Amino acid sequence: MVESLPHPDGFRLVLTPNRSLSWHGNVRIWAALFVLSALIATGFTLMGAWVIIPFAGLELIALACGIYLTSRECQRQEVLSIDTDDIRLEKGRKRKQAEWTLPTRYARLRVHSPPHPFTPAKLSLTHRDTEVSVGGFLNIEDTEKLIGMLEKNGLLIERKEPDPKIGLWF
């Protein structure tokens, strides 16, 4: 998702992955699957197939790990602030973990066109030897929205097309 926020000298964008369900919603789904799995395992245990209990437990542990890791990845956030002098990109989960500052006048948004029409373009901010990826978790519509907003606000766009023979960008 791309959200625009007010900024005194320019504009600020907050980029976040699409979150289809909150943490509490994920826990509720896991609890419902736990109850269903417990009922099925109890039924098989009463019929004499007690060996199903450890496998049901492993299945629920694996599901809990998957839900946790997915929810953790959905907490990523990028804040892109652009003013007359600098472009500041901050990345992290729940707090700022990394930050880059590039001069607005010389920075470019490099757009690597996707080799397949169902995948979003890969974006990066560049200046000299510095290249920082931006919005790697955005879908196609949000990526196009971000490109349009940055282009409208004066950031220079550099488009890279993949080589059709080998799928690399030149």
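This is a predicted model: local features need pLDDT of at least 70, side-chain atom pairs count only at pLDDT 80 or more; totals for chains, interfaces and linings use all residues.
Colleague: What makes the span of helix α2 agree with its number of residues?

Modeller: Helix α2 runs over residues 52-73, which is 22 residues, and at 1.5 Å a residue it should span 32 Å. Its end C-alpha atoms are 32 Å apart, so the two values agree.

Colleague: Which residues of α2 are buried, and why are they said to be on the same side?

Modeller: Ala 56, Leu 60, Ile 67 and Ser 71 are buried. They cover an arc of only 35 degrees around the axis, so they lie on the same side of α2. The buried residues of α2 pack against α1 (23-46), while Phe 55, Leu 58, Ile 61 and Leu 69 are exposed on the other side.

Colleague: Why is Glu 73 called partly exposed?

Modeller: Buried means under 20% and exposed means over 50%. Glu 73 has 35% relative accessibility, so it counts as partly exposed.

Colleague: How do you know that Glu 73 and Arg 93 meet in a salt bridge?

Modeller: The cut-off is a side-chain nitrogen within 4 Å of a carboxyl oxygen. For Glu 73 and Arg 93 the N to O value is 2.7 Å, so by that cut-off the pair is a salt bridge. This pair links distant parts of the chain, with Glu 73 in helix α2 and Arg 93 in strand β4.

Colleague: And what makes Glu 158 and Lys 160 a salt bridge?

Modeller: Their closest N and O atoms are 3.9 Å apart, and the limit is 4 Å, so the pair counts. Both belong to a network of salt bridges that also includes Arg 110 and Glu 131.

Notes:
Residues are numbered from 1 along each chain as its sequence is written. Side-chain values use heavy atoms; hydrogens and water are left out. Helices (H or I, at least four residues) and strands (E, at least two) are DSSP runs, numbered from the N terminus. The expected span of a helix is 1.5 Å times one less than its number of residues. Buried means under 20% relative accessible area, exposed over 50%, partly exposed in between (1.4 Å probe, protein chains only). The arc is that of the directions from the helix axis to the C-beta atoms. Contact means heavy atoms within 4.5 Å.
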